Amino acid sequence: MKKRKNFIFTNKKKSSRAVMAVILGVISLASLGIVVFLSYLNDGSALISYGFTGLLAAVFSLIGLILGVVTIQNRDYYRFFPVMGILLNFLALALVSLILYAGTNA
């Protein structure tokens with residue numbers, strides 16, 4: 001007897017907003033990592049361009065977080081990319097907050 005394959009038909013699709021949220025999260029985390037590494041190589045002193053890059057990374061992660069939250073509320077999309085975007089962007093915002101907190105205690 002032949003075994004029948006079970007198919008699950010769904011109309012869910014990937015969201016371009018959620019993919020953009022993931023991309024913004026990766027860009028934010030990568031740029032923050034590079035800025036921290038370059039500051040470490042410069043004996044802890046950061047240039048103005050490093051601060052601007054950190055600010056831009058915070059703006060990117062805030063936009064990515066908003067995109068992820070807006071997308072996860074819609075049930076017509078898969079959940080992987082919105083959740084991944086929210087996690088990456090929240091991590092980037094937490095890293096910016098940690099850097100700012102460490103800078104005030106120096």
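H1 and H2 cross in a left-handed way in this predicted model. They pack at an angle of about 155°, and their axes are 8 Å apart. An angle over 145 degrees counts as roughly antiparallel, so that is how H1 and H2 lie to each other.

Who makes the contact here? From H1 there are Arg17, Ala18, Met20, Ala21, Leu24, Ile27, Ser28, Ser31, Leu32, Val35, Leu38 and Ser39. H2 answers with a set that includes Tyr50, Thr53, Gly54, Ala57, Phe60 and Ser61, along with Ile63, Gly64 and Leu67. Sorted by class, the contact of H1 with H2 has 14 nonpolar, nine polar and one charged residues.

Next up is H3. The axes of H1 and H3 come within 8 Å and cross at roughly 25°, which makes H1 roughly parallel to H3. This crossing is left-handed too. On the H1 side, the residues that meet H3 include Ala18, Val22, Gly25, Leu29 and Val36. On the H3 side, Phe81, Met84, Leu88, Leu91, Leu95 and Ile99 are among them. The contact of H1 with H3 has 18 nonpolar, four polar and no charged residues.

That leaves H2 with H3. Their axes are 8 Å apart and the packing angle is about 150°, so H2 is roughly antiparallel to H3. H2 passes H3 in a left-handed crossing. Among the H2 residues in the contact are Gly54, Ala58, Leu62, Leu65, Val69 and Ile72, while H3 brings Pro82, Val83, Ile86, Asn89, Phe90, Ala92, Leu93 and Val96. By class, the contact of H2 with H3 divides into 13 nonpolar, six polar and no charged residues.

Here are the helix pairs side by side:

| Pair | Angle | Axes | Direction |
|---|---|---|---|
| H1 and H2 | about 155° | 8 Å apart | roughly antiparallel |
| H1 and H3 | roughly 25° | within 8 Å | roughly parallel |
| H2 and H3 | about 150° | 8 Å apart | roughly antiparallel |

How big is the largest pocket? Its volume is about 340 Å³. The largest pocket is lined by 17 residues, and the closest to its centre are Val35, Ala46, Tyr50, Gly51 and Ile99. Which elements give two or more residues to this lining? They are helix H1 (16–41), helix H2 (48–72) and helix H3 (80–104). The lining of the largest pocket has eleven nonpolar, six polar and no charged residues.

Some of these names have come up before. Val35 and Tyr50 both take part in the contact of H1 with H2, and Ile99 is one of the H3 residues that meet H1.

Technical notes. Residues numbered from 1 in each chain as written. Predicted model: local features only at pLDDT ≥ 70, side-chain atom pairs only at ≥ 80, totals over all residues. Heavy atoms only, no water. 1 Å grid on protein atoms, 1.4 Å probe; cavity = no way out; pocket = protein on both sides within 12 Å on 5 of 7 lines; lining within 4 Å. Points joined across faces, edges and corners; volume = space filled by probe spheres on them. Helix = DSSP H or I, 4+ residues; strand = E, 2+ residues; numbered from the N terminus. Nonpolar A, V, L, I, M, F, W, Y, C, P; charged D, E, K, R; others polar. Axes fitted to C-alpha atoms, helices over the stretch in contact; angles between N-to-C directions. Parallel < 35°, antiparallel > 145°, perpendicular 65-115°, else oblique. Left-handed = near helix turned anticlockwise from the far one by under 90°. Contact = heavy atoms within 4.5 Å.
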